[in-house]
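Trainee: I've got the model open and would like to talk through how parts of it pack. Can we take it one question at a time?

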Amino acid sequence: MKKVKTPSVAGMFYPDGKDELLNLFKIYDSETSFDSDYLSRLVISPHAGYRYSAACAFKALKHIKGENIFIFSPAHKVYTSTAVVCDYDSFLTPLGEIELNKDIISALGLEVSNNNFEGEHAIEVQLPILQYLHKNFKIIPVLVGHKGADAVNKIISDYWEDSSCSFVVSSDLSHYLNNSQAKKIDEVTAQMIESNDYKQFHPEQACGAASINAVLKFADEMKYSFIRLDMRNSSLVTKDDSKVVGYGAWLLYEGDKNSYIAKYFGNMLKDIAFQSIKNKGKISLDNYPQVLDQQGASFVTLEKNNRLRGCIGSSVAHRPLILDLVQNAYFSAYSDRRFPPLQESELLQIDIKISLLSEPCEMTFTDEDDLLARLVPYKDGLIIQDGKYRALYLPSVWEQIGDKKFFLNSLKQKAGLKPDYFSKTLRAWKFSSEYI
C-alpha cells in the first residue's frame, strides 16, 4: 500500500487551497525582478509561515535546479541527534503529490523514522513553492539534529558529482530578539555565510545551524561563494519590533562572488557609479539586489579621451559593496587630488571602469627576487607597505607596465619610496579583481 505523508500545516502555515496558493506565488514571482537567471544546486531557504517568509523562500527556490532535491531541515517536533530519513512514497500538498527517491534514501544508510516527520513544518513549507517553480523532480527529505553537520557534509560531498542532485537547507535565522538586536546578529550571520566561516558558526544563530555549518564547510573546500538573495524579519508583517524572527535566502555560486556580480549586475554597477557622480553621491539605495549588500571592495576609475581622469577605491572590504561603490565613484570624480573636480560638462565624456577586489592575501618572501617570482603578471594586483609608506596597483596596471620589476619599482615610487628600495620590514599582499 502506498505511504503518503499528508500535510501537517496546510491551512496554518500556508493556504490549503490550490488557487489561493497559485495566486500568491504569482505575486512572489513578480517581486524577484532583480534575481539573476543563474541556476544553483544548493540554496538556503527560510521555513516560517508564508505571510512572514515565503517571499524570501521563493527567491531561493527559484534558483534551484536538479531532478533529485535533498531538503535538510532541523527537527522541531521529535529530538534528533544526527540525521533521520523516512520511508514514505510521497508527500502530499494542495498542488499534488511529490514522489520521494527511495533508492537514494536507502543508499544513505541513515536511521528511518516516519514518526520524526509527523507535524514537522520545515520541509513541508518548501514543497508547494518547489512544485510551482519546477517540474519532474523527486525529493529526499532529511531531518538534521544538532550533531548532524558531518552527515550533511558527507551527503553533499558524495552526491555533488551527480548533476541530477541539488540541495535545499531549510533554516530561519535569529529567534525572538528585538528588531534592532535581530538585524545586527542576522547581519553577522549573513557575513559568516558569505565568507564560508563554518568554524565559528554558532547554533543560536540559526535553527538550521548544523546544516548551514555543513554547507559552509563544503563551499570553503570547493572555493564556492554564497550569494545573498534576501534578508528580512517578521516585523515587516507584524509591525511588532519586540520579538522577531529573522529570515534569509542564499544561493551557492560555483565560483567567486565578484565574478557573479560582474556577470549579472555589471551594467547596473556602472549605472550606480554614474548616478553617484551625476548627483554628487546623493542617490537612493533602495530597490537594488541584496547581493550588493554583501561587503565588498571596489575601485572606480574614470577616463576621458583614454586618459586617466580619477581613480579612488578600497583595498579591503569594510562596508556593503553598494555603499563602497557610491562613495568611491563620487570621490574619484571630485576628490582625487591629482585632478581638478569633474565639471558637469564632462559627465558625458567620461568612461567608468569598475574593479571588484578579492580579499588581499599576504605574501611570504625572502627577498625582492622571491617576491617578483611569486607575482603573476596581468592577474595579480599588489599592495605594498613599509611603515607609513603604502601603495596599491590594480591588475589592470599590467597593461601599462608589463615587466615585473618595472611594475614593482613603479609601485614603490607611488608609495613614496625609491625604486631600488627593499627592507626586511616590507610587506606585500596579492589580490585579484573582476573588471567591469
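Trainee: Which residues in α1 meet Pro128, Ile129 and Tyr132 in α4?

Mentor: Quick note: this is a predicted model, where local features need pLDDT of at least 70, side-chain atom pairs count only at pLDDT 80 or more, and totals for chains, interfaces and linings use all residues. Residues are numbered from 1 along each chain as its sequence is written, and side-chain values use heavy atoms, leaving out hydrogens and water. Taking contact as heavy atoms within 4.5 Å, the α1 residues that meet those three are Leu21, Leu22, Phe25, Lys26 and Asp29.

Trainee: How are α1 and α4 oriented, roughly parallel or roughly perpendicular?

Mentor: The axes (lines fitted to C-alpha atoms over the stretch in contact, with angles from 0 to 180 degrees between N-to-C directions) come within 11 Å and cross at roughly 75°. Angles of 65 to 115 degrees count as roughly perpendicular, and those under 35 as roughly parallel. So α1 relative to α4 is roughly perpendicular.

Trainee: Is Gln181 buried or partly exposed?

Mentor: Gln181 sits in helix α6, residues 179-194; helices here are DSSP runs (H or I, at least four residues), numbered from the N terminus. Buried means under 20% relative accessible area, exposed over 50%, and partly exposed in between, with a 1.4 Å probe and protein chains only. Gln181 has 40%, so call it partly exposed.

Trainee: How far apart in space are Gln181 and Val152?

Mentor: In sequence, 29 residues separate Gln181 from Val152. C-alpha to C-alpha, the distance between Gln181 and Val152 is 30 Å.

Notes: Helices (H or I, at least four residues) and strands (E, at least two) are DSSP runs, numbered from the N terminus. Angles under 35 degrees count as roughly parallel, over 145 as roughly antiparallel, 65 to 115 as roughly perpendicular and the rest as oblique.
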